[in-house]
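Dear colleague,

Please find the structure below, handed over for your review.

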Amino acid sequence: MPDGATSKSRFPENGIMSLLEIHRRHNLAGSTGRDLKLSDLIGAVELEAFLAMPLDYGTSRGDPELRALIGARCGINPEKVLVTQGAALALFLTNFELCDPGDEILLATPCYPPAFDALRATGARIQPLPLTFESGFRLDTQALSGALTAKTKLISLASPQNPGGVSLPRETIETVVEIAAKQAPDAYVLVDETFREATYGSAPQASVASLSERIVTLSSISKAYGAPGLRIGWLTCGDDALYERLRIAKTNTVISASVVDEALAVLLFKKLDRIMEQRNETLAKAFARMSDWVEAHQHLINWVKPDGGALCCLRLPESAYSDAAVEGFYQSQEKYDLQISDGRWFGEDQRVIRIGFGHLPLEGLDAALEALGLALSDFRDKA
């Protein structure tokens, strides 16, 4: 996994943080679809109600109407839903409440960097469970079984996975829960479902929120829904005692979410079927463009075909690129006005790059992929 910067901070610096600061024309680094606009959610009638809204504290659990809408979307009782400031806070709270120094954590990698960094800050012993490029980022439940011990307190997964966009079949998660119950009875299974509803035309997999009391899921309106500027996420927890611990942890860190953000999220959920139909129609077109580009550039790259999310992984093979060529490719991004995500940010090899194909408009995606192809061709070994 990434080493991070040398500092006294409990949280290491990761290159993915640069995505908040650097914005190049050919931006293939992000993992979101197109951003919604405030006008997509609020009209004249809603605006009048917003102007009269008291700017008071929210509740520790989150707005009841919002929790009901989330619960319906996840197929779980709203009383099991805790609203958080993005999925990032849900991840942080779960890690810190469940993991103490000396505990063992099984983490599927590569992964979203804070999934690792927030765990490392707990002082727990992290046992990576590699999902390899060669295996198509598929989870090996036998390997998972061999890594579990009685000290395991958390099994951290994502579906679809970030950076690869590969989903875990429901049957696989059921198997994980069954294995954990026998070999690590104190362990919970955390499933990040942030990209679950970002599909290429097919219906999304059902949430696993209600599958077991030992499962905690987390998600947000940032990635699939297109509203990262509203810092609204959630976690679901079927274990009442753990839910209460997480609610208290939230209250002690941030008190409550913004009532304005929660109210806007309610409007989003009420329009979500129409919004997601449009977004996934566009994402399906972007995925088709990405697939066509990969087919035309098979001589330059390998890839793992995703089945969800607006992201995928490509690999620069040793047969085409020396180590020096790979490094030169990364250093040339500014020259090509190109922005990609380095696989090392996620705990992958330097030869793996994450490509986000959903954020740019289709014509912008075509131009960005053209720039990517040019850069890859320029740095390919000519011997």
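Aspartate 117 counts as buried because its relative accessibility is 8% (buried means under 20% relative accessible area, exposed over 50%, partly exposed in between, with a 1.4 Å probe and protein chains only). This residue is found in helix 4 (helices, H or I of at least four residues, and strands, E of at least two, are DSSP runs numbered from the N terminus). Leaving aside neighbours within four places in sequence, aspartate 117 is in contact with Phe11, Pro12 and Asn14, contact meaning heavy atoms within 4.5 Å.

This is a predicted model, in which local features need pLDDT of at least 70 and side-chain atom pairs count only at pLDDT 80 or more, while totals for chains, interfaces and linings use all residues. Residues are numbered from 1 along each chain as its sequence is written, and side-chain values use heavy atoms, with hydrogens and water left out.

Pockets

The largest pocket holds about 1,100 Å³ of space. A pocket is an open set of points, on a 1 Å grid over the protein atoms alone, where a 1.4 Å probe fits, with protein on both sides within 12 Å along at least five of seven lines; lining residues have an atom within 4 Å of a point. A volume is the space filled by probe spheres set on the points, which are joined across faces, edges and corners. Of the 40 residues that line the largest pocket, Ile16, Leu20, Tyr112, Lys223 and Arg231 lie nearest its centre. Two or more lining residues come from each of helix 3 (86–98), helix 4 (113–120) and strand 7 (215–220), and helix 3 gives the largest share, six residues.

The second largest pocket has a volume of about 370 Å³. Its lining has 23 residues, of which Arg34, Leu36, Gln278, Arg279 and Thr282 lie nearest the centre.

Salt bridges

The count comes to 19 salt bridges, each a side-chain nitrogen of Lys or Arg within 4 Å of a carboxyl oxygen of Asp or Glu. Glutamate 97 pairs with arginine 245, with the closest N and O atoms 3.0 Å apart. This pair links helix 3 to helix 7 (residues 240–253) across 148 residues. Aspartate 366 and arginine 289 meet in a salt bridge at 2.6 Å, N to O; they lie in helix 11 (residues 362–379) and helix 9 (residues 272–296), 77 residues apart.

Arginine 196 and glutamate 197 form a further salt bridge, at 3.7 Å between the closest N and O atoms, and both are buried.
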